[in-house]
Amino acid sequence: MTDLIPAALTQDLRFTYPDGALALDGVSLRVDDGQKVGLVGANGAGKSTLLLHLNGVLTGEGSVSVFGIPVIKRNLKEVRKRVGLVFQNPDDQLFMPTLLDDVAFGPRNMGLSENDAVAKAMDALNRLGLPQLSNRNGYHLSAGQKKRAAIATVLSMGVPLLALDEPTGGLDPKNRRELIATLKTIGGAQIIATHDFGLVRELCGRVVIMSDGKIVAEGAPDALLCDEELLKTHGLA
């Protein structure tokens, strides 16, 4: 695995917000193609900030690459063909008149023909169990439907890396189960920032624990998420 080009690689990544808050403090992380990695930590640990660096929404010091492509300004078009970022609030991704338009937005911007863009969008909606809602406005969907719709907006682009921020946050048990089942069927690499330990145990082969902008532990979920002392030390129990 170490000889392969990683899906995502950060090296000594540092980022400070304009108000002086240090959000990332020397984060080095490797995620290989096909891996599903859970990113856990208390609020303010740096999880969301790290995800936002993977497709260039934020730029810090150090280096970030996806599939060997440096995440720098001149490469952002190519980077964003490979990384699908799903925000914690799905309303940030649903802004078109209809759900079909939302999900076809990415393929259209990638230069696909209208027929191909619509076909990609409908395929993604089918995989997420939402084809019957294609003509609905995203604003009128339920919380669970919005979460799945937001994932469909990046799935339609065929990206090999998904970066998901709290995908099960605010979902009822039924919608949570359905979303986890869907994520299991999606190939490629996934980096999932979450407080949902059950999701990590069920879906991820590896967990990375962050605290105060640093990676403090990583390994098998069954081992780390049962370490009460570790979890208490970093505000997770």
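This is a predicted model: local features need pLDDT of at least 70, side-chain atom pairs count only at pLDDT 80 or more; totals for chains, interfaces and linings use all residues.

Visitor: Okay, start with α5 and α6. At roughly what angle do their axes cross?

Guide: Roughly 15°, and the axes of α5 (residues 143–155) and α6 (residues 173–185) come within 10 Å. Angles under 35 degrees count as roughly parallel, so α5 and α6 are roughly parallel to each other.

Visitor: Is that crossing left-handed or right-handed?

Guide: The crossing of α5 and α6 is right-handed. On the α5 side the contact uses G144, K147, R148 and I151, and α6 brings N175, E178, L179 and L183.

Visitor: Now α3 and α4. How do their axes cross?

Guide: At roughly 120°, with the axes of α3 and α4 (residues 114–127) coming within 8 Å. That makes α3 oblique to α4. The α3/α4 crossing is right-handed.

Visitor: Which residues meet there?

Guide: From α3 you have L99, L100, V103, A104, P107 and R108; they meet E114, A117, V118, K120, A121, M122, A124 and L125 in α4. By class, that contact of α3 with α4 has 11 nonpolar, no polar and three charged residues.

Visitor: Zooming out, how many helices and strands does the protein have?

Guide: Nine helices and 10 strands. The C-alpha trace spans about 50 × 40 × 40 Å along its principal axes.

Visitor: And how does the radius of gyration sit with a compact globule?

Guide: It agrees: for 237 residues a compact globule would have a radius of gyration near 18 Å, and the protein has 17 Å. Buried residues account for 51% of the 237. Also, take the contacts between residues at least 6 apart in sequence: 63% of them join residues at least 24 apart.

Visitor: Let's pick on Q93. Where is it found?

Guide: Q93 is in the loop between β6 (83–86) and α3 (99–109). Buried means under 20% relative accessible area, so Q93, at 9%, counts as buried.

Visitor: What is Q93 in contact with, leaving aside neighbours within four places in sequence?

Guide: L85, V86, F87, D102, A150, T153 and V154. Another pair to look at is Q93 and K146: they are 53 residues apart in sequence, but 9.2 Å apart in space, C-alpha to C-alpha.

Visitor: What about H53, buried or exposed?

Guide: Buried, with a relative accessible area of 2%. H53 lies in α1 (residues 47–53). Beyond neighbours within four places in sequence, H53 is in contact with L13, F15, L24, L58, T59, G60, V64 and V71.

Visitor: Switching to backbone angles: what's up with the phi of D12?

Guide: D12 has a positive phi of about 50°, although it is not a glycine. Most residues other than glycine have a negative phi. D12 is in strand β1 (residues 8–16) and, at 39% relative accessibility, counts as partly exposed.

Visitor: And what is the phi of E166?

Guide: Positive, about 50°, and E166 is not a glycine either. E166 is found in the loop between β7 (161–165) and α6. With a relative accessible area of 9%, E166 is buried.

Definitions and conventions:
Residues are numbered from 1 along each chain as its sequence is written. Side-chain values use heavy atoms; hydrogens and water are left out. Axes are lines fitted to C-alpha atoms, for helices over the stretch in contact, and angles run from 0 to 180 degrees between N-to-C directions. Helices (H or I, at least four residues) and strands (E, at least two) are DSSP runs, numbered from the N terminus. Angles under 35 degrees count as roughly parallel, over 145 as roughly antiparallel, 65 to 115 as roughly perpendicular and the rest as oblique. A crossing is left-handed if the near helix is turned anticlockwise from the far one by less than a right angle, and right-handed if clockwise. Contact means heavy atoms within 4.5 Å. The radius of gyration is taken over C-alpha atoms; the globule rule is 2.2 Å times the number of residues to the power 0.38. Buried means under 20% relative accessible area, exposed over 50%, partly exposed in between (1.4 Å probe, protein chains only). Ala, Val, Leu, Ile, Met, Phe, Trp, Tyr, Cys and Pro count as nonpolar, Asp, Glu, Lys and Arg as charged, and the others, Gly among them, as polar.
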